[in-house]
Amino acid sequence: MMAPGLLFFFIWHYVPIWEAKMAFEQVRIIPPNIWVGLKNFQQLFSSPIFYQVLANTLIISGMKILFVFPVPIMVALLLNEVRNGKLRGVIQSAIYLPHFLSWVVIAGVFIALLSPTDGAVNQVQQAMGFGTTNYLTNTGTIRWVLVISEIWRSAGWDSLLYLAAIFAIDPALYEAAEMDGASRWQKIWHVTIPGIIPTIATLFILNMGMFLSADLNQVINFQNDVNASAIDILDTYVYRMGLSTGEYALATAAGLFKAVIGMILVVTSHLVSKRLTGKGVW
Amino acid sequence: MASQSRRTPLERVEYVLIVSTLLLLVVFTLQPLLNLLALSFTDPSKVAGFSGLSIIPDGFSIDVWALLLQHPNVQRGLFNSIWMTATSVCIGVFGTALMAWGMSRPGLPGRRLIFILVLVTIVFEPGIIPDYFLMKRLGLLNTPWSVIMYKAISAWYLIILIRFFEEIPKELLEAAELDGANPFQTFWMVVLPLAKPALATIALFYLVLHWNEFFRSMIYLNDQTKWPLQVVLRQFVIEGDKIAIVGANNANNNIGLAQINIRALKAGMIFITILPILAIYPLILKFFTKGTMSGALKG
């Protein structure tokens with residue numbers, strides 16, 4: 001009964017690993033390719049664009065960890081304070097929605113929202129006398145667009161994981177705190193937050209494991225000729241070099257570099273998480 | 001509530017602040033969407049002056065929706081998206097269920113090795129170029145099957161189902177065997193009915209995943225007539241290819257779709273694309289929320 005599944009995994013996951021040997025070859029129009037060892041990697045590591053792309057990836061991932069990661073935690077803490085179940089349900093239904101939309105849709109929504117002529121953001125800005133900004137074609141603002149759109153998409157839904165952890169906290173702890181006359185903030189600080197620290201740690205470590213990804217699906221929909229220098233990441237570089245320029249071997253080498261470092265990061269974060277909190281990636 | 005009576009004025013102010021912050025988040029989430037929805041129903045003559053802040057249509061017209069839904073590219077995109085998603089979901093659910101069932105059996109030879117081999121696929125992804133060449137080698141490039149078959153079984157959902165199957169009481173399976181059921185009958189008549197809620201959850205996961213898929217379709221499908229809706233939307237809204245929807249003839253002569261403000265057309269396209277998600281959103285809330293909550297609780 002497992003045969004179809006095993007065949008699937010073999011074809012879609014293991015054959016590509018074999019195909020990745022292209023990273024060590026010179027690709028010729030008429031096969032066979034020639035084995036060139038690490039030459040493609042040497043070329044990659046000596047190209048300035050590669051370092052710019054790597055830097056962009058690290059900066060965007062770093063910004064997301066700093067500014068996106070804490071938001072769902074705060075949302076969950078706030079949601080937990082809403083005692084009216086119906087009101088909380090309505091809020092939850094609204095803020096979970098963007099998680100289920102594609103990045104094409106989300107980028108479309110943000111392009112409209114940030115339009116310099118009739119987008120809501122610039123209209124407010126203008127009314128307050130700040131003039132207009134074209135956030136999408138400005139290399140100084142485009143990374144913030146990635147951060148804000150990521151918050152828009154995931155802050156609500158990701159809060160669910162923390163909320164589940166909060167609900168799992170023993171109610172007796174809250175009762176004891178109330179007996180001692182603890183205020184709302186004291187209860188949050190001394191009961192709720194310690195209770196969800198393991199979840200926060202696990203998710204933080206998992207995020208670190210994804211550090212080299214920076215989300216291709218998001219970036220590719222926000223990228224244009226003007227802002228590309230600020231948000232060209234490893235994945236978009238691989239895509240462009242491989243499928244637009246036709247530098248297959250170089251692109252595969254870059255992809256393999258990302259895959260290997262990414263694997264080390266994920267496995268390390270899994271092991272760290274397992275040791276610290278008992279919870280791993282799988 | 002007992003604690004309500006003990007609330008001090010300060011606590012009430014705090015509560016109002018907390019709820020207001022959350023309502024602000026609700027506005028931040030929904031306003032951009034409602035604005036586009038209102039824009040798509042606004043009277044075409046008033047679209048040009050329509051404010052990005054408004055969430056109520058200025059005048060009312062279904063011209064944008066009618067014209068878009070009659071457009072061959074949009075119809076084709078919808079058709080492609082629907083059948084490709086449906087096929088992917090069927091393959092995904094059955095493939096995942098079969099494999100998960102096999103892997104949840106304690107007696108399976110090499111169980112641990114297979115598990116590790118599945119985990120490897122989560123942590124190591126050689127990238128899009130090897131995938132692309134694999135499709136080329138299989139002759140699937142520029143066929144919808146390249147998108148449908150690509151990773152049709154998700155390692156993550158597989159693990160979720162394995163965990164679920166492992167918890168099915170042994171007595172039930174033994175009873176079926178005593179009744180003379182072969183393994184396939186046991187799976188079909190005992191396991192699958194028991195797993196209905198889990199399978200529904202997985203089906204929804206796959207549905208959302210495949211409906212929102214655009215990247216693979218974009219790189220594997222050259223032929224525009226094979227594009228799913230997301231790629232049609234991307235070409236129009238992200239890449240700003242106006243002619244793709246408006247049509248060169250219309251644009252040149254300023255007739256048909258060219259007479260409608262491009263903003264309204266884009267807003268309409270975005271909403272046509274998310275309509276199926278909105279339609280099943282109550283189901284999504286029910287199953288996704290439960291799935292995520294129980295997963296998190298079990299740890």
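**Exercise 1. Work out how many residues of chain A and chain B meet, and what kinds chain A brings.**

Step 1: count two residues as in contact if their C-beta atoms, placed from the backbone, lie within 7 Å. In this predicted model, 69 residues of chain A are in contact with 73 residues of chain B.

Step 2: sort the chain A side that touches chain B, which gives 48 nonpolar, 14 polar and seven charged residues. Here Ala, Val, Leu, Ile, Met, Phe, Trp, Tyr, Cys and Pro are nonpolar, Asp, Glu, Lys and Arg are charged, and the others, Gly among them, are polar.

A word on conventions: residues are numbered from 1 along each chain as its sequence is written, and chains are lettered from A in the order in which they are written. Local features need pLDDT of at least 70, side-chain atom pairs count only at pLDDT 80 or more, and totals for chains, interfaces and linings use all residues.

**Exercise 2. Find which residues of helix 5 of chain A are buried, and which are exposed.**

Step 1: call a residue buried if 20 or more other C-beta atoms lie within 10 Å of its own, exposed if 12 or fewer, and partly exposed in between, with C-beta atoms placed from the backbone.

Step 2: I91(A), Q92(A), I95(A) and Y96(A) are the buried residues of helix 5 of chain A. Seen down the helix axis, they fall within an arc of 120° (taken from the directions from the axis to the C-beta atoms), so they line one face.

Step 3: look at the other side of this helix, where K86(A) and G89(A) are exposed.

Notes. Helix = DSSP H or I, 4+ residues; strand = E, 2+ residues; numbered from the N terminus.
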